[in-house]
Amino acid sequence: MIVTLTFNPSLDYVVQVPDFRSGKVNRAEAEALYPGGKGVNVSIMLSHLGCPNTALGFCAGFTGQALLRMLEESGCATDFIPLEEGFSRINVKIKAGEESEINGQGPRITEAAVEQLMQKLDALGRDDVLVMAGSIPNTLPADSYQRILSRLEGRGVLSVVDATGELLRRVLPFRPFLIKPNSHELGELFGRQLHDREEIVDHARMLQQEGARNVLVSMAGEGAILVADDGQVIHSLPPAGKVVNSVGAGDSMVAGFVAGYLKTGDYARAFRLGLCAGSASAFQPWLATRDQVAALLEDPAAYGLA
C-alpha cells in the first residue's frame with residue numbers, strides 16, 4: 001500500500017500573461033487548471049507510472065469536490081477527509097516575464113478531522129509506504145509530521161518526507177526511508193551554501209547520521225545525487241531538454257524513485273527512474289505521462305552518470 005498525505009491541497013490556476021502589467025487589466029493568452037499540492041503530485045505521477053496508491057488529505061467546499069474529481073480522472077484513489085467549513089484553496093500562478101504565485105490559505109482543519117486522519121494512518125503496516133510532502137498549514141501544530149511518525153514507529157512503514165528546514169530535520173530521528181531536499185535546502189539546514197558534489201555528499205551523510213536512511217538531492221541543471229543507506233553514492237546529470245515548468249518536477253522525482261524501488265529493490269534503478277520522471281515533468285506544462293518518462297528512461301543518450 002502506498003499512501004500520500006497532503007494537508008493543504010489546492011486547485012492550481014495557471015495563466016499565461018506575457019505582458020503582465022501591475023495595476024492594469026491583464027488578459028490571459030492561455031490558462032489551465034490542475035490539482036495541486038506536493039503529495040497530490042506524487043500520487044498522480046505514481047499512477048502514471050503504474051503504481052496504485054491512495055491520496056489522503058483534507059478537502060472542503062466546491063473546490064474540494066473539483067479537486068477530488070480531477071484526481072480520480074487522473075487515476076488516483078482518494079480518501080480525503082471532508083471539512084464542514086471553508087473551501088480548498090486556489091493557487092494562482094502567473095507566467096509572465098517572471099513567474100509569480102498567489103497561494104490561498106485553505107480551510108481550518110479541526111482536531112476531530114486530524115483524529116480521523118490518524119485513524120486512517122493506523123491501517124499502515126510493514127513495507128507500506130507513506131509519503132508526506134509539503135508544508136503544514138498554520139492551523140495545525142508545527143510538529144504534525146513528528147506526531148504521525150511517532151504513532152507509526154515500530155510498524156515497519158517506509159516513510160518518505162519531502163519538506164524543508166526544521167520541519168524536515170525534526171523527523172530525522174524517526175529514520176525516514178527517503179528524504180529529498182534540493183541542494184539549496186540541504187545547505188540551508190546547515191546555514192551555508194554548498195558549491196560542489198563533495199560538499200553535497202558530505203552534508204547528506206550528516207543527515208544520515210541524524211537518522212535519514214536515503215538522501216536524494218535534486219540539483220536542477222546539475223542532475224541529482226543519491227546517498228544511499230547501503231553506502232552507494234550515485235550522481236547523474238539530467239536528461240537534455242527544455243525546461244517548461246519546474247512545478248512538480250521534484251515531486252515527480254520522489255514518485256519515480258519510490259516506484260522504481262518498489263518494482264526492483266535496486267537503488268540505482270530507482271534513482272534513474274526518479275531522475276527521468278522529474279526531468280520529464282520539467283519538460284512539460286504539467287506532470288509527465290508514463291510514455292514521456294519512458295522515452296527518457298530508454299534513451300541512453302538522454303542522461304549520463306557523472
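Which residues form one aromatic cluster? Phe177, Phe257, Tyr261 and Tyr267 do so, in what is a predicted model.

## Overall dimensions and content

The secondary structure of this protein comes to ten helices and 14 strands. Its radius of gyration is 19 Å, close to the 19 Å that the globule rule gives for 306 residues, so the protein is as compact as a globular protein of that length. Along the principal axes, the C-alpha trace extends over about 50 × 45 × 40 Å.

Of the 306 residues, 52% are buried, and the accessible surface comes to about 14,200 Å², with 48% of that area belonging to carbon and sulfur atoms. When contacts between residues at least 6 apart in sequence are considered, 64% of them join residues at least 24 apart.

Strand 2, covering residues 10–16, pairs in the parallel sense with strand 7, covering residues 89–95, and seven bridges connect the two. Within this pairing, Val14 is placed opposite Lys93 of strand 7.

Pro9 is found in the loop between strand 1 and strand 2. With a relative accessibility of 1%, Pro9 falls under the 20% limit and therefore counts as buried.

Beyond its neighbours within four places in sequence, Pro9 is in contact with Gly36, Val40, Phe58, Leu67, Phe80, Ser88 and Arg89. For Phe58, the separation from Pro9 is 49 residues in sequence, while the C-alpha atoms of the two residues are 7.4 Å apart in space.

Strand 12 (residues 214–218) and strand 13 run antiparallel and are joined by four bridges, with Val215 standing opposite Val227 of strand 13. The hairpin of these two strands has five residues between them, among which Ala220 takes a positive phi near 50°.

Strand 13 also pairs in the antiparallel sense with strand 14 (residues 233–236), again over four bridges, and here Ala224 stands opposite Ser236 of strand 14. Five residues likewise separate the strands of this second hairpin, where a positive phi near 95° is taken by Gly231. Strand 13 itself (residues 224–227) is covered on both faces, with Ala224 and Leu226 buried on one side and Ile225 and Val227 buried on the other.

## Aromatic pairs

The structure holds seven aromatic pairs. In one of them, the ring centres of Phe7 and Tyr145 are 5.9 Å apart and the ring planes meet at 20°, so this pair is stacked. Because Phe7 lies in the loop between strand 1 (2–6) and strand 2, whereas Tyr145 belongs to helix 4 (residues 144–152), the pair ties together parts that are 138 residues apart in sequence. Both Phe7 and Tyr145 are buried.

Another pair consists of Phe62 and Phe87, whose ring centres are 6.2 Å apart and whose planes stand at 35°, so the pair is tilted. Phe62 lies in helix 2 and Phe87 in the loop between strand 6 (81–83) and strand 7, so that the link joins distant parts of the chain, 25 residues apart.

Methods:
Residues are numbered from 1 along each chain as its sequence is written. This is a predicted model: local features need pLDDT of at least 70, side-chain atom pairs count only at pLDDT 80 or more; totals for chains, interfaces and linings use all residues. Side-chain values use heavy atoms; hydrogens and water are left out. Two strands pair if DSSP finds at least two bridges between them. Buried means under 20% relative accessible area, exposed over 50%, partly exposed in between (1.4 Å probe, protein chains only). The radius of gyration is taken over C-alpha atoms; the globule rule is 2.2 Å times the number of residues to the power 0.38. Contact means heavy atoms within 4.5 Å. Accessible areas come from the Shrake-Rupley method with a 1.4 Å probe; for residues, only the protein chains shown count as cover. Rings of Phe, Tyr and Trp (its six-membered ring) pair if their centres lie within 6.5 Å; planes under 30 degrees apart count as stacked, over 60 as edge-to-face and the rest as tilted.
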